[in-house]
Amino acid sequence: MSDSLLQSATTIEAPAAPMSMPVSPGESDPRREESDYAWPPLDAWNLTKVWGKKPGNRVIDGLELTLEPGTLTWIGGSNGAGKTTLLRVLAGLIGPTEGHVRMFGLHAEHDRRAYQQRLSFLSATGTGLHARLSVRQQIDYWARIAFVPRERRPAAVEESIRRFALVELADQRVDRLSMGQRQRVRLALTFVKEPDLVLLDEPRNSLDEEGTATLVAAVGEVVRRDGAVLWCSPFEERLELKGLDFDRQMLLEHGKLRIL
Amino acid sequence: MSTPTLYLDAARGVLARDWTVFKSYKMQFFSQIISMFFGLALFYFLSHLISVESFGSHSKYFAYVVLGMIMVQVLQSTMMVATGLQGELVAGTFERVLLSPFGGVAGVFAMMVFPFCMSFISALITLTIAVTVFGLHVHWQTAPLAIPIALLGTGAFTAFGLIFAASAVLFKRVIGGAGLMMTGVALVSGLYFPITLLPAWLKWFSNVQPFTPTVELLRHTLVATPLAHSVLADLAKIVGFVVVCLPLGVVLLSQAMRLGQRRGTIIEY
């Protein structure tokens, strides 16, 4: 990993060139016109999120983050540090109070469709599944709304079922699965569209060893095809993740990122 | 694949999902039919009890009220999108729609398709029971015209569904509002009694929503109830509501979603 990348992730260093040109939503972005500037999978600068109007509710505070192609990044932090909020902002689910996020140069609001076609976000909550659908129906439904082309969809769904060891459960209703099995379904949903940027919020929730292995394999595949993966989990999990080859590890504290 | 095909495919995915969920509750449909039957029986006997001069005969009041009951079913399906959205927010499944290229607004539109289809099926079953069991006389010559009128009316009602969905996004709880809307529409749209019975100040409300002209035209085409206004005037009203309210509903819903995303409250429930 290059030094400039390390610097871009810290808050104590001066921002690198791409971060020095904040752009308001709707304003033309000078960097888009620079043909020699290749946008990374994720570029966030001056990112701030304040809940409500109290200054004390500043969960993210002028954060800078760049994810380069083919990298796996870990962000840890204590409960309530703002990891989920950060991921939601990066995913375009909620807007930042200040600052900017670009994914391959795309804006979450202005280029919403293209943005969501290339990004996948696994949230930490154990929800988000339709209880009465079978595993296969669930993945097929998500592949449809994720705009996986019709000709590729059946193969993508079956591959996802196989990859996350769901073959025997494929026709079972989701509300009859264990928590770990449900998490594997959620992982299958996350990876079925072959995203270029994957944001994972505590992805090992309820997973056993086999489930974790399927997750690691899927993450590796995204990294190998020059995508980027951001893995967020509590600080303590870092010790358990030693087998994973993270390109960068950072800690989210007081709304800012600190390189470990 | 072209963009419209992708959207169509996604909408079919939502429809298939809703159908699968619906048929997984095996007794739901049968209980709805039984409920319809009891509703029809109730008004059939009430129509024999009440003598209303303006209707001429008991069977004419029964025919009048059957169409009102059908309209209530369509109205309920309109409201269902908001309550369905509320349920999806709680289940966390709407987050997936928001995080998809299909998006929240298109997702809400797609969520309306299944309840509308079901309300049309329910309407057909209600009519069939009313004809075969309770002897309702349908005016078969003009009955096919009810289909385009119902479709046009659906366009106007969709706007109300979108506005309620926007409320669900912003205020999270819509059940009270939906109930208020249902009883309000039942009162001023002439679903169970003619609007001529209403005081003048309340009659105003009968003219500023699409339910009154839709139910009037449906009654006229299906059971030959005389119209209070001309066909063209009623049609113009419905088209006007579609043209004005549908884009308004889309704008309100997208603005509600945008606001929810900016505030960070979009996935709260």
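The model is predicted, with local features requiring pLDDT of at least 70 and side-chain atom pairs pLDDT 80 or more, while totals for chains, interfaces and linings use all residues. Residues are numbered from 1 along each chain as its sequence is written, and chains are lettered from A and ligands numbered from 1 in the order in which they are written.

**View 1. Helices H5 and H10 of chain B.** The axes (lines fitted to C-alpha atoms over the stretch in contact, with angles from 0 to 180 degrees between N-to-C directions) of H5(B), residues 104–132, and H10(B), residues 231–263, come within 9 Å and cross at roughly 130°. Gly104(B), Val105(B) and Val108(B) of H5(B) make the contact (C-beta atoms, placed from the backbone, within 7 Å) with Val250(B), Leu253(B), Ser254(B) and Met257(B) of H10(B).

**View 2. Helices H2 and H5 of chain B.** H2(B), residues 28–49, packs against H5(B) at about 45°, with the axes 10 Å apart; the two are therefore oblique to each other. From H2(B), Gln32(B), Ile33(B), Met36(B), Phe37(B) and Leu40(B) meet Ser122(B), Ile125(B), Thr126(B), Ile129(B) and Ala130(B) of H5(B).

**View 3. Confidence along chain B.** The mean pLDDT (the predictor's confidence in each residue, from 0 to 100) is lowest in H7(B), residues 175–188, at 84, and highest in H1(B), residues 3–24, at 95. Helices here are DSSP runs of H or I with at least four residues, numbered from the N terminus.

Definitions and conventions:
Contact = placed C-beta atoms within 7 Å. Parallel < 35°, antiparallel > 145°, perpendicular 65-115°, else oblique.
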